[in-house]
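Please keep the sequence and the structure in view while reading.

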Amino acid sequence: MKKQQICILGSTGSIGTQALDVIARHSDRYEVYCLTANNSVEKLAEQARRFNPACVVIANEERYDRLTDLLSDKPDIKVYAGADALSQVVESDAIDVVIASMVGFAGLVPTIQAIKARKKIALANKETLVVAGELMLNLVRQYHVDLLPVDSEHSAIFQCLVGEDMNEVERILLTCSGGPFRLHSLDQLATVTAADALRHPTWDMGAKITIDSATLMNKGFEVMEAKWLFGVPAEKIQVLIHPQSVVHSGVEFKDGAVKAQLGVPDMRLPIQYALSYPQRLSLQGDKIDLFKTQTLEFYEPDMDKFKCLALAYEAIRRGGNMPCILNAANEVVNAAFRRGACTFLGMADIIEQTMREATFDNNPDLDVYLQTDQEARNIASKILNKNN
């Protein structure tokens, strides 16, 4: 059996490192062709030494010399740098699968190039569909590409829909742990810190996504993802707070039947399923014990406390480039909160103001998305600086 050649966009992040673990456990099936990172040059070099890919790419060109030095004794590994290199490397004829796990807007263009190169896409970069869902799905259809979700929730929905008729779907049930502040009051939320927010009760994720989970913006993004991935309008996607994180999501059908996917919170499962579909491979690790799972709780999210989720639904309703505006503003305030330059509740206020001030375009193309992203970032940054 020929090994599938894998390119991981964002190999040093949480998804990337767990994807490498899956690849290592199934080395008879998968082989690393390319690894990429933004800034984490030492970790990228360490991964390259272990997996010996054909090439590595560091997006930050200022780190190129350092990466070259670290791999100076590995002449067979080609070293590239820059955003253009990220977009070009995915076009290699040797690559079978691209795991798109870069965080944020930066993952959009490389993923588009991978689709145009007709690669199978294992999508973990939610911002790609948030910002340009319609464009992305049109390209997937145009180039006849397999696009498989890596997010645990969307993988769960996908698994529940295998063999089903989409016309018989009544609702998508999108679960959410509720994050570390589920039981906090508004007064308490006013004083929480980034350190508090980074203590997620269930999942081990990167800092940016963990903050987005605390604000529930991450769940708003996932509503957008589900809308595009499964062709279901937002009003048929229900968010359920589920603190135990055992039910990863589900589907309700017209006859009232509900299918759900359950499991321990282990991101390796959806990563592996995206790589192996339609097969299922063995996966070492903890398995769910239903005898110990005594309680499964579900609650409605509080849109007043978690305004970011409400803003995400508003962006979906307006359409056009509004989700792009939402995402850009969120990336600015998320980073600001992590460095102590914005309050937890202030993030939603700045995003909302940016949505009011940024130029709206009802029918955007890629150039408009790129311009919108920059404009919204500038607006959010100005509001942030003014507030400070």
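Ile351 is in contact (heavy atoms within 4.5 Å) with Met217, Cys308, Leu311, Leu326, Ala329, Asn330 and Val333, leaving aside its neighbours within four places in sequence. The model is a predicted one, in which local features need pLDDT of at least 70, side-chain atom pairs count only at pLDDT 80 or more, and totals for chains, interfaces and linings use all residues. Residues are numbered from 1 along each chain as its sequence is written, and side-chain values use heavy atoms, with hydrogens and water left out.

Ile351 also belongs to the largest nonpolar core, which has 93 residues; Val56, Leu67, Leu326 and Ile351 touch the most other members. Helix α14 (residues 322-338) gives the most to this core, namely nine residues. Apart from it lies another core of 34 residues, among them Leu86, Phe105, Met136 and Leu139. A nonpolar core here is a set of buried Ala, Val, Leu, Ile, Met, Phe, Trp, Tyr and Cys residues joined through side-chain atoms within 4.5 Å. Buried means under 20% relative accessible area, exposed over 50%, and partly exposed in between (1.4 Å probe, protein chains only). Helices (H or I, at least four residues) and strands (E, at least two) are DSSP runs, numbered from the N terminus.

Helix α5 (residues 108-116) has as its buried residues Leu108, Pro110, Thr111, Ile112, Ala114 and Ile115. Their cover includes β1 (4-9), α4 (83-89), β5 (97-100), β6 (120-123), α6 (126-142) and α16 (366-387). Just after α5, Arg118 takes a positive phi of about 60°.

Aromatic side chains come next. Five aromatic pairs are found in the whole structure, where rings of Phe, Tyr and Trp (its six-membered ring) pair if their centres lie within 6.5 Å, and planes under 30 degrees apart count as stacked, over 60 as edge-to-face and the rest as tilted. Phe337 and Phe344 form an edge-to-face pair, with 5.8 Å centre to centre and 70° between the planes. Phe337 is buried at 3% relative accessible area, and Phe344 is buried at 4%. Phe158, Tyr273 and Tyr277 form one aromatic cluster.

The structure holds 20 salt bridges, each a side-chain nitrogen of Lys or Arg within 4 Å of a carboxyl oxygen of Asp or Glu. Glu252 and Arg171 meet in one of them (2.4 Å, N to O). This pair links distant parts of the chain, with Glu252 in strand β10 and Arg171 in strand β8 (residues 169-176), 81 residues apart. Glu252 is buried at 16% relative accessibility, whereas Arg171 is partly exposed at 29%. Glu222 and Lys219 also form a salt bridge (2.5 Å, N to O), and both lie in helix α11 (residues 217-230), three residues apart, about one turn of the helix. An α-helix has 3.6 residues a turn, so residues three or four places apart point the same way. Glu222 is buried at 2%, and Lys219 is buried at 3%. Asp21, Arg25, Asp266 and Arg268 are linked in a network of salt bridges.

The backbone has some further features of note. Most residues other than glycine have a negative phi, and most peptide bonds are trans. The bond from Tyr277 to Pro278 is cis, with omega near 10°; Pro278 is found in the loop between α12 (268-276) and α13 (307-318). Ser245, although not a glycine, has a positive phi of about 55°. Ser245 lies in the loop between β9 (237-241) and β10 (247-253) and is buried at 6% relative accessibility.
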